[in-house]
Each structure stands twice: as C-alpha cells, then as structure tokens.
Amino acid sequence: MGADPDVSVLELLNQADLALRHRHGAIEDTRVRILREVEAAGRRGLPQAVLVKSLNLSPATVSKAVDGLERAGMVEREFHAHDRRQRTLRLSKKGQTQRQMCDGSLQHAEQGLIGDLTADDLANLKSLLGRLGQTARRLPCPGECSACALGGC
C-alpha cells in the first residue's frame, strides 16, 4: 500500500511517530537516549554539558530529563570537586536495567513496524531517513521551536 501523494512527508513522519508513541507510550526517547549516552561513558561518567552537545538538545531539556531520571533512581548526578556548576552523570544499576528493557521494547516495536519490508526497502528507508536527518540539522531554525523559547536553540 502506497502513501497518498497529496500527504506531505512531514505529515507521514508525524503519523508514524504518533502511532508508535500511542502503542509504545512507555518509551520516552530523550530519556532512553540519555541512558544510552551515560552508559556508554562507563565508570568515568559523562559531564552533563557534553550530553547536551552530543544529543543536540537545549540545556533545559536535558536538565529536565536528567532530573526525572535522577528522581527515578536511574542516574546519579555528581558535582565537580572544583566547579559546582559542572555535573557528571553515572548510570545506576536501576538505570542500566531500564535501558536494557527500553532497548528490548524498542526492538520489538521496530520489528513490528518494519516486519513487512524487504531488505532493500529497509535499506532505502534507512538511507532516506538518514539523509532527511542530516538535511534537517543543516536547516536554519525559524526561531519558533520550544528550545528557542527556552533560550537553548
């Protein structure tokens, strides 16, 4: 079944995103990305400022998500010995378990979504989505996004 030629690409992406969030609402992408990044840093931890840059999100967005993860006991936030404005994040055992569960859930959701695609279709989809993402990152911000409103874009 093909897409309606009168529907924009942005609308199709939005429809897919909404459908996935509806069916897999427990998966919160920003938090999962944070858990992955912090876990990848290992025992040395990850400075929160580095996390902001690597996720390409506003400091306020990352701080809010980290606050929630810290309250949930999934990350531990440690202040720098000489500069209390700097914080290093480390993944707790609970965070590691949650990250593994989320990855499993995401893999299951992805398999359900792409299960009908051929290998060639999937390769083309990944290539196109990758190119769209690269192009979107190069576009100038119109100054109307939520990160701009918070001074972080």
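Proline 47 stands opposite threonine 88 in β3. This is a predicted model, in which local features need pLDDT of at least 70, side-chain atom pairs count only at pLDDT 80 or more, and totals for chains, interfaces and linings use all residues. Residues are numbered from 1 along each chain as its sequence is written, and side-chain values use heavy atoms, leaving out hydrogens and water.

**Strands**
- Strands (E, at least two residues) and helices (H or I, at least four) are DSSP runs, numbered from the N terminus.
- β1 (residues 46-47) pairs with β3 (residues 87-91) in the antiparallel sense over 2 bridges; pairing takes at least two DSSP bridges between two strands.
- β2 (residues 75-79) also pairs with β3, antiparallel, over 5 bridges.
- Arginine 77 stands opposite leucine 89 in β3.

**Nonpolar core**
- A nonpolar core is a set of buried Ala, Val, Leu, Ile, Met, Phe, Trp, Tyr and Cys residues joined through side-chain atoms within 4.5 Å.
- The largest one has 16 residues, and Ile34, Leu35, Val38, Leu51, Val66, Leu69 and Val75 touch the most other members.
- Elements giving two or more residues to this core are α2, α3 (48-55), α4 (59-71) and β3.
- Leucine 51 touches Ile34, Glu37, Leu46, Val62, Val66 and Leu89, not counting residues up to four places away in sequence; contact means heavy atoms within 4.5 Å.

**Threonine 30**
- Threonine 30 lies in helix α2 (residues 29-41).
- Threonine 30 counts as buried because its relative accessibility is 18%; buried means under 20% relative accessible area, exposed over 50%, partly exposed in between (1.4 Å probe, protein chains only).
- Beyond residues up to four places away in sequence, threonine 30 touches Leu57 and Ala65.
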